Amino acid sequence: MATAHNRAQKEEVAKAVLMPGDPLRAQYIAQKFLTNAVLINDVRNMFAYTGTYKGKRITVMGSGMGCGSMGIYSHELFYKYDCEVIIRAGSCGAYADDLQLKEIIIADSCYSESTYAQTYSGSLEHIVYPDKELSDQLYACALAHQANSRKGRIHTSDCFYHQLKEDLHDLCDVKGCLGVDMESFALFHTAAFTDKKAATLLTVSDLPARKEKLSSEERERSFDEMIEIALDVLWKYA
C-alpha cells in the first residue's frame, strides 16, 4: 500500500523504525549496520531500507528537515504502515554552554513555538514528551556504552537561520532547552496522538557560541555511537 511519498508496500516496513533526518545518513546506516538491507523507498530521494539488526527486522528511513517533513513521514508510518516505534537519531545545535561537539542528548521533553500540533490535531500545547519508557532505555543504553550523554529538554525550531539572538536566554535559561533541532516536536506529537511510541537522541553538531561545527560529511558519517545506542534499544521493540 504505497502513498504519495513512500512506494513501499506495507509488509516491507518493519514495526520498529530508525529515523535520521538525512536520507544519505539512512543509506549509510543501512549499509553499515543492517544485514540484507533492501531499498524500499526512494520517492523524492527519501531513502528507506529494511534489513535485520542482530537478527531482528528494522527499517531505517530519512525524515527530511522540519516539522512539516517529519510530520508527513511519521504520520504515514504510524497510520498507513502500522509502525509501532520510531526513534529519531539526528543532530542538534547547542544552547547550553557546557555541551561538547558529538555529545549526545536524549530528549525528555520538547518545547516549540511551532503551530504543528494546532494544525495537525487542534492542540495548543507547546511542550510535548517522548515515550518515557523508550527515552529512559535510550539513556540507560547510552550510559552502558559510556557515551558522553545527558537527558534534557530540546527546542524544535521552524527556522534554521534564527535571527532573534536575544531569545537564547529565554530558551536556555528560562525554558530549560539544552539545544535545538527541527523535527522532534512533530514526531512526539504525532506519536502521542496515534498512541504510538517515539523518542529522540541527538548528537551535538554545532556550538554557535564557540563558532564550532561538524562538517556535512562528519554529520553524515560520524554518529556511529548514537546509531548503535538507538539500534540496541529499537531491537527490543522489533
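Trainee: Which residues does Thr190 touch, not counting residues up to four places away in sequence?
Mentor: Thr190 touches Ser74, His75, Phe78, Tyr116 and Tyr120 once residues up to four places away in sequence are set aside, where contact means heavy atoms within 4.5 Å. This is a predicted model, in which local features need pLDDT of at least 70 and side-chain atom pairs count only at pLDDT 80 or more, while totals for chains, interfaces and linings use all residues. Residues are numbered from 1 along each chain as its sequence is written, and side-chain values use heavy atoms, with hydrogens and water left out.

Trainee: Where is Thr190 found, and is Thr190 buried or exposed?
Mentor: Thr190 is found in helix H6, residues 184-193; helices (H or I, at least four residues) and strands (E, at least two) are DSSP runs, numbered from the N terminus. Thr190 is buried, with a relative accessible area of 0%, where buried means under 20% relative accessible area, exposed over 50% and partly exposed in between, with a 1.4 Å probe and protein chains only.

Trainee: And how many residues of H2 are buried?
Mentor: Ten of the 14 residues of H2 are buried, so the helix is mostly covered. Among them are Ser74 and Phe78, along with Gly66, Cys67, Tyr73 and Glu76.

Trainee: What should the 14 residues of H2 span?
Mentor: Helix H2, residues 66-79, should span 20 Å at 1.5 Å a residue, and its end C-alpha atoms are 20 Å apart, which agrees. The expected span is 1.5 Å times one less than the number of residues.

Trainee: Switching topic, where is Asn6 placed, and what is Asn6 in contact with, leaving aside neighbours within four places in sequence?
Mentor: Asn6 lies in the segment before strand E1 (16-19) and counts as buried at 3% relative accessibility. Leaving aside neighbours within four places in sequence, Asn6 is in contact with Ile40, Asn41, Val43, Met61, Glu76 and Tyr81; of these, Glu76 is one of the buried residues of H2.

Trainee: What about the whole protein, how many helices and strands are there?
Mentor: The secondary structure comes to eight helices and eleven strands. The radius of gyration, taken over C-alpha atoms, is 16 Å, close to the 18 Å that the globule rule gives for 238 residues, so the protein is as compact as a globular protein of that length. That rule is 2.2 Å times the number of residues to the power 0.38.

Trainee: How many of the 238 residues are buried, as a percentage?
Mentor: Buried residues make up 56% of the 238.
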